[in-house]
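Good morning, and thank you for coming.

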Amino acid sequence: MKSSLLDLLFFLLDKISLVSSLKLFSMPEQAQRESHSQDPSFFKRGDLLEVPRTLFVHFGIYLGNNKVAHLMPDILPAISDDECLIGKVVTNKRLILGVLAKVASIRVDTVQDFAYGGSIMVNHMDKSFKTKPLSNEEVAQRAEKLVGATSYSLLWDNCEHFVTYCRYGFPMSFQTDKFCEIVKRIIRDQRSVFVSAASGLLLTLCLDLDPSTTLLCFFITFTLWMAS
């Protein structure tokens, strides 16, 4: 039963990955100018590496010898003890299920596996902080001490929190801040109230669904109205 359920989840994620593989966002011109190849001779131990992905940016700390420490959601350690299998590159299926299950680890991979085919930017985040970064050696040592299983939250404890703690001394995520700001705008825009209300009515009237089935839409409507 457990195996068939996992097979079903992996099948659904195969379909999702078709969408996630689309290049919905292109890399900004400035980021393109500051991106570099995956040649590890370019990086210094303690550098903060970032790779723009389709929907987000992934972060890691370079440890030297072509190795990168990075926080990755991964479902496999929760369902298997096979260290050889877990040590392989984390696929999209494993990552998405890890996000949903809030299971993650800070792992060490090669630069190439970390980049996953993307272009790498180096210390690009330094310009966003007023505080000076810690010494490169201290950054690398912090990352090495944290390698292993860790808690995970998409918004409050992700790969960006990990690298900012290592390099600047405190965890934060600009991606989380941007997402929360977008949510605030949606809540403050009263048009979202009418959109959610209209959705509930359409589901109830046009599709002849029971009102209890669409209760969530009306609950969202009420929440948005009270928060706006």
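Let me start with a term that I shall need later: two residues are in contact when they have heavy atoms within 4.5 Å of each other. Please also keep in mind that this is a predicted model.

First, the overall picture. The chain is built with eleven helices and seven strands. Of its 228 residues, 34% are buried. If we take the contacts in the chain with a separation of 6 or more, 66% of them are between residues 24 or more positions apart.

I turn now to the strands. Strand S3, residues 57-64, and strand S4, residues 67-73, run antiparallel and are joined by three bridges. Within this pair, Ile61 stands opposite Ala69 of S4. The two strands form a hairpin with two residues between them. In that turn, Asn65 has a positive phi of about 55°.

Strand S4 also pairs with strand S5, residues 104-110, again in the antiparallel sense, and here there are seven bridges. Lys67 is found opposite Thr110 of S5. Is S4 mostly covered or mostly open? Strand S4 is mostly covered, with six of its seven residues buried.

This brings me to the interior. In soluble globular proteins, nonpolar side chains tend to be buried together. In this model, the largest nonpolar core has 20 residues. Which residues have the most contacts inside that core? They are Leu48, Ile61, Leu71, Ala143 and Phe162. The elements giving two or more residues to this core are S3, S4, S5, helix H7 at 136-145 and helix H8 at 159-168. Helix H8 gives the largest share, five residues.

Ala143 deserves a moment of our attention. Leaving aside neighbours within four places in sequence, Ala143 is in contact with Ile61, Leu63, Ala69, Phe162 and Cys166.

Next, a pocket. The second largest pocket has a volume of about 170 Å³. Its lining includes Asp74, Pro77, Glu83, Arg107 and Gly148. Which element supplies the largest share of this lining? That element is S5, with three residues. Helix H4 at 83-86, S5 and strand S7 at 148-150 each supply at least two residues of the lining. Sorted by class, the lining has five nonpolar, three polar and three charged residues.

In helix H5, residues 92-101, the buried residues are Arg94, Leu95, Leu97 and Gly98. After H5 comes Lys102, whose phi is positive, near 60°.

Finally, consider a loop. Ser41 lies in the loop between strand S1, at 35-36, and strand S2, at 48-52. Why does Ser41 count as exposed? The cut-off for exposed is over 50% relative accessible area, and Ser41 counts as exposed because its relative accessibility is 62%. Ser41 and Asn66 are 25 residues apart along the chain, and their C-alpha atoms are separated by 8.2 Å.

Thank you for your attention.

Notes
Residues are numbered from 1 along each chain as its sequence is written. This is a predicted model: local features need pLDDT of at least 70, side-chain atom pairs count only at pLDDT 80 or more; totals for chains, interfaces and linings use all residues. Side-chain values use heavy atoms; hydrogens and water are left out. Buried means under 20% relative accessible area, exposed over 50%, partly exposed in between (1.4 Å probe, protein chains only). Helices (H or I, at least four residues) and strands (E, at least two) are DSSP runs, numbered from the N terminus. Two strands pair if DSSP finds at least two bridges between them. On a 1 Å grid over the protein atoms alone, a cavity is a set of points where a 1.4 Å probe fits but cannot get out, and a pocket is an open set with protein on both sides within 12 Å along at least five of seven lines; lining residues have an atom within 4 Å of a point. Grid points are joined across faces, edges and corners, and a volume is the space filled by probe spheres set on the points. Ala, Val, Leu, Ile, Met, Phe, Trp, Tyr, Cys and Pro count as nonpolar, Asp, Glu, Lys and Arg as charged, and the others, Gly among them, as polar. A nonpolar core is a set of buried Ala, Val, Leu, Ile, Met, Phe, Trp, Tyr and Cys residues joined through side-chain atoms within 4.5 Å.
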